[in-house]
Every structure is written in C-alpha cells, then in structure tokens.
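The following questions and answers concern the structure shown below.

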Amino acid sequence: MVAYLGRRAHIWMSVLPVDPVKENYVRKVKNCIFSIAFPTPFKSRVRLVAVSKEVLEDILDLDLSVSETDAFIQLVSGEKIVFGSIPLTHRYGGHQFGIWADQLGDGRAHLIGIYRNRQGEKWELQLKGSGKTPYSRNGDGRAVLRSSVREFLCSEAMHYLGIPTSRAASLVVSDDEVWRDQFYNGNIVKERGAVVLRVAKSWFRIGSLEILAHYGELDLLRSLLDFIIQEHFPSVNVQEPNRYVDFFSIVVSETAQLIALWMSVGFAHGVCNTDNFSLLSITIDYGPFGFMEAYNPDFVPNTSDDERRYKIGNQANIGMFNLNKLLQALNPLLDRGQKHLAAQILEGYPVLYYTRFTELFKAKLGLLGERKGDGDLIAFLLHLMEKTEADFTMTFRQLSEITQSQLQELNIPQQFWALKMISKHQLFPAWVSQYLLRLKSNMNDSDSERRKRMTTVNPRYVLKNWMAESAVQKAERNDFSEVHLLQQILQHPFQKHSAAEKAGYSSPTPSWAEGLRVSCSS
C-alpha cells in the first residue's frame, strides 16, 4: 500500500498539470489542476477516537490492529506522509447558493495518496482539517471536532443505507484551539481541531470543470475530462467524438438517481453548491446536513441558508440547476449538434428523477408491479404526513411492521406512534382503504412477505441531528461512547437493536432537541 500511494501521485502529476509555485500561501491559481501542499501537524497531543474497521479492512487491505500503531496515527493526523508520496490540493470553482464564487478549491483538505486494493479498485485518500493550502481563502485550514464527528458518522451511515457516498476511515482529535463563530452571530468560541481521513473513488466535482471553462483553459478542460472518463467511466469510449455527451448523459442519469435516493431516506444535504456535487454522483462534503424528522418539504437543516434554497423539497430542482452549470462548462468542447443533443439529455432529467423517486417510494410501501394511481397513493400519504407533522423515517418503518388487519381495523397500537399521529387526520381511513386495495393487486404476495420486504428498505435508524448532537456533546467532554454506539447501530440501520431502542433512536425527538440548529461553520 505504501509504495502504491507514492507511485500513483507521480503518475497523476505526469497527466494533470500541477501548480509550479511550491510555496504554501493563499493565492489565485491558474493553468493547473492541483497544487502541492503539505498537511500542517497539530501542535498538541493527538488521539485516534474512531476508526471504520470495514474501510480499513475491505477498502485499504489493512488489519484493524494497524490503527493502534504510531505510524497510522501520524499518517491520519497529517503529522507524516508516506515516503515518496506528494500531497496535493485540488483547484476548483463553483456556484454557491446560485452565484458564481470563482476559485474555491481544497481549503483544508489534502490528497495524500491513491490506493489500488485487492479487488482492483482505486481509492483516493484525503485528509480533511489538515491545515492551510493555497485555496484556504480566509480560513485557518482546520475542522472542529463537532463537524468531524458528524462527517465521520454520516459518511458511514449513508453507505449502509445503500446510498453512494465517500467513506470515512478514521477520526482523530487534538487539543489545538480552533476558534469558530458557529451561527455567525458574533459569538466566537474555542473548539478543538480534528481530522477525518476520507476515501472516495474520486473527489472531482462539477466545480472542477467549471473553473477551467470560466478561465478559458480549454486544453486543460479537455485533458481533465478525458482523464476522468478513462479512469471512472468505462462505458464511455475516450476515442469517441461524442464522448463528452455520453459522459454528460451518465452524470445526468446518476445525479437523478442519487437525489431520489436522498429523498427516499429523508436526507437533506444542506449545501448543494456545484463545488459539492460529485462528477461520480456520490454524496460528498458532509456539512450542515440533516435527516428530516417531521415530514416537511420545506425542511432546511442549514441555518445559514436564509433563502431556503436547499430545502429538501427543492433538491431535485437544484440537481437540474447544477447539471445545467456542468453543461455550460462542457459547451466550449461541443459542436452545434452535440450541444443540441446534450440539451435534450438535460431536458430528460425531471422524468428520470420522478421515475426513480416513484420506484423507491413504491418499494417503501411494498407495492409490486405497475398500477395507475401509484403516484397519487404516494402523494396522498405524504400530504397526510405533512399535515400531521408525522416522523418521516418511522412512518414508513411502522408501515413495514404493522399488519394489514391492524390497519384495516384502524387499530393502531401505541408502539406505532408515528402512524398514530397520522391516524388523527380525517382522511387517514380513506388512504388506508386505497392502500389495502392496492396491496391486494400484488401478485403472489402475502402480508408477512410484504412486511419482510418493506423492512429491508425502510430503516429503523438514521442519523438524526439530535442523535449526532448528543454524540458531539459527549465527545467534547472526551466521552466517545455514543460515537461508537452510533457507528455500530448505523451499520445495521434496518435491524432492531436493543441498545438503540434503549437510547431512544426510534422514539420521538426528545424535547431538548426541538430547537436544534446546524450551520456551515465547521
């Protein structure tokens, strides 16, 4: 692994230009994809507080015992890099809250290597919170424990929900002081610096291409696109004249799929800027995200989003906006016919999204086959959930556990508290009648089979903000027990777990957490 980390960096640098300026200071960077920048070690003691056994063993081919060594902690904290490797920071731009923000880039992240594992998969290893880079703008290059715990837990939770995502290998915390104004209200507080080792097949994002098109660096744009296609899009022939259109078609389709998957678990990313949208259509850059509790299409987890641009019900539209910005970046490389073809592909995005959304929600309701009115049945339930402020996750989970006879009698046991909330709505009996009638049309199905099927797609546990906050509060007192508990529970989100039940993870949101807020400050 060590030798490969270094070797791959040199191969990349021979293909993708690197900033000739080697000094690490904030500046406008041109005509390159990466800048060389070394992580800045913490000054204080560093502790490894969480590690993903699965990432270490299944992705990085490492035995868990390696995480107990000084060499591992030095690597994942940024104190030392692998001999022969060259740490890189990526130059990209982006549209933030709909407005072109010019150069952004890895302001506190370092790509420390690329690893090909036993399965032949290539994974890029990136430290987040590891110090200043040429792209740090006004930042200090650090990440705080609060946001690092959230990213570590959510990266892994999303993977086990079956949603494409970057992964988190480790979390280290220091005693270095990091000052943050969490809610941008002038209340600056001292927090502790932390670093997450993140891994992904690629960290290239829409903004990676936007910055090159914006500055007219078209040869570089072509080189980067060809590299991305060759490395990550095996179904696209890099020699094919229409390769950029074929590439765009895949990104459009997979972005629609990703956002539909987010919606199926009630996940709001929080900051859907083009610099946070992966070209591989995986979930990256976990910041002020939130899993919706009471169903509300206007749910906004990020208190920094004053205009509610990134509310959960607008994510599909934002996907279209971001894909349009991707197409604008590709346009200088397309001829007239290709531009027309790509525009038609983009026009097909809403249908792709709605089709996948409907498929996922039909599965959540246990519906088999195609029936007219399935979309209306889904919309009817969501309407009742909105009106009664029913819990999104637990409504679908409890529909997976309740029997048809209990539903038919409108006899909702107290344990199904989310369904009991909806049952107070006067139209609930009408929805139940339509639902039971639709279930009768399932071919070769039984009630036990329906429930079994539904419990494999409707999680009992997701990382609600109050759960993450509870773990963070303890972590800030050097108690990482709830971080470890959540890590364990969220690896099996569809299975009932006694420790999770005891902790209240499938219960209504506790009263102390009702005004809980998160922001972009991290």
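Q: Is cysteine 32 buried or exposed?
A: In this predicted model, cysteine 32 has a relative accessible area of 1%. Buried means under 20% relative accessible area. Cysteine 32 is therefore buried.

Q: Is cysteine 272 buried or exposed?
A: The relative accessibility of cysteine 272 is 1%. The cut-off for a buried residue is under 20%. Cysteine 272 therefore counts as buried.

Q: How many disulfides does a search of the whole structure find?
A: A disulfide is a covalent bond between the sulfur atoms of two cysteines. The criterion is a pair of cysteine sulfur atoms within 2.5 Å. Over the whole structure, the number of disulfides found is zero.

Q: Which residues of H15 make the contact with H11, and what is the handedness of the crossing?
A: The crossing of H11 and H15 is left-handed. On the H11 side, the contact is made by Asp374, Leu377, Phe380, Leu381 and Leu384. On the H15 side, the residues are Phe428, Ala430, Trp431, Gln434, Tyr435 and Arg438.

Q: How many nonpolar residues does the contact of H11 with H15 have?
A: Asp374 of H11 and Arg438 of H15 belong to this contact, and Asp and Arg count as charged. By class, the contact of H11 with H15 has two charged residues and one polar residue. The number of nonpolar residues is eight.

Q: What is the orientation of H4 relative to H17?
A: The axes of H4 (residues 145–160) and H17 (residues 465–475) come within 9 Å and cross at roughly 130°. Roughly perpendicular covers 65 to 115 degrees and roughly antiparallel begins over 145. H4 is therefore, relative to H17, oblique.

Q: Which residues of H17 meet H4?
A: The crossing of H4 and H17 is right-handed. From H4, the contact involves Leu145, Arg146, Val149 and Arg150. Their partners in H17 are Asn465, Ala468, Val472 and Ala475.

Q: How many nonpolar residues does the contact of H4 with H17 have?
A: Two residues of this contact are charged and one is polar. The nonpolar residues of the contact of H4 with H17 number five.

Q: What is the orientation of H7 relative to H9?
A: H7 (residues 243–264) and H9 (residues 336–347) pack with their axes 10 Å apart and at an angle of about 10°. Angles under 35 degrees count as roughly parallel. H7 is therefore, relative to H9, roughly parallel.

Q: How many charged residues does the contact of H7 with H9 have?
A: Val245, Phe248, Ser249 and Val252 in H7 meet Gln338, Leu341, Ala342, Ile345 and Leu346 in H9. By class, seven residues of the contact are nonpolar and two are polar.

Q: Is valine 199 buried or exposed?
A: Valine 199 belongs to strand S10, residues 189–200. Beyond its neighbours within four places in sequence, valine 199 is in contact with Val55, Ile59, Trp123, Glu124, Leu125, Ser166 and Arg167. At 0% relative accessibility, valine 199 therefore counts as buried.

Q: Is leucine 410 exposed or partly exposed?
A: Leucine 410 is in the loop between H13 (404–408) and H14 (417–423). Although leucine 410 is not a glycine, its phi is positive, at about 55°. Its relative accessibility of 39% means that leucine 410 counts as partly exposed.

Q: Is asparagine 444 buried or exposed?
A: Asparagine 444 sits in the loop between H15 and H16 (447–454). This residue is not a glycine, yet asparagine 444 has a positive phi of about 50°. With a relative accessibility of 81%, asparagine 444 counts as exposed.

Q: What distance separates the C-alpha atoms of glutamine 491 and leucine 153?
A: Glutamine 491 lies in the loop between H18 (481–489) and H19 (498–503). Not counting residues up to four places away in sequence, glutamine 491 touches Glu54 and Tyr160. Glutamine 491 and leucine 153 are 338 residues apart along the chain, and their C-alpha atoms are separated by 9.9 Å.

Key
Residues are numbered from 1 along each chain as its sequence is written. This is a predicted model: local features need pLDDT of at least 70, side-chain atom pairs count only at pLDDT 80 or more; totals for chains, interfaces and linings use all residues. Side-chain values use heavy atoms; hydrogens and water are left out. A crossing is left-handed if the near helix is turned anticlockwise from the far one by less than a right angle, and right-handed if clockwise. Helices (H or I, at least four residues) and strands (E, at least two) are DSSP runs, numbered from the N terminus. Contact means heavy atoms within 4.5 Å. Buried means under 20% relative accessible area, exposed over 50%, partly exposed in between (1.4 Å probe, protein chains only). Axes are lines fitted to C-alpha atoms, for helices over the stretch in contact, and angles run from 0 to 180 degrees between N-to-C directions.
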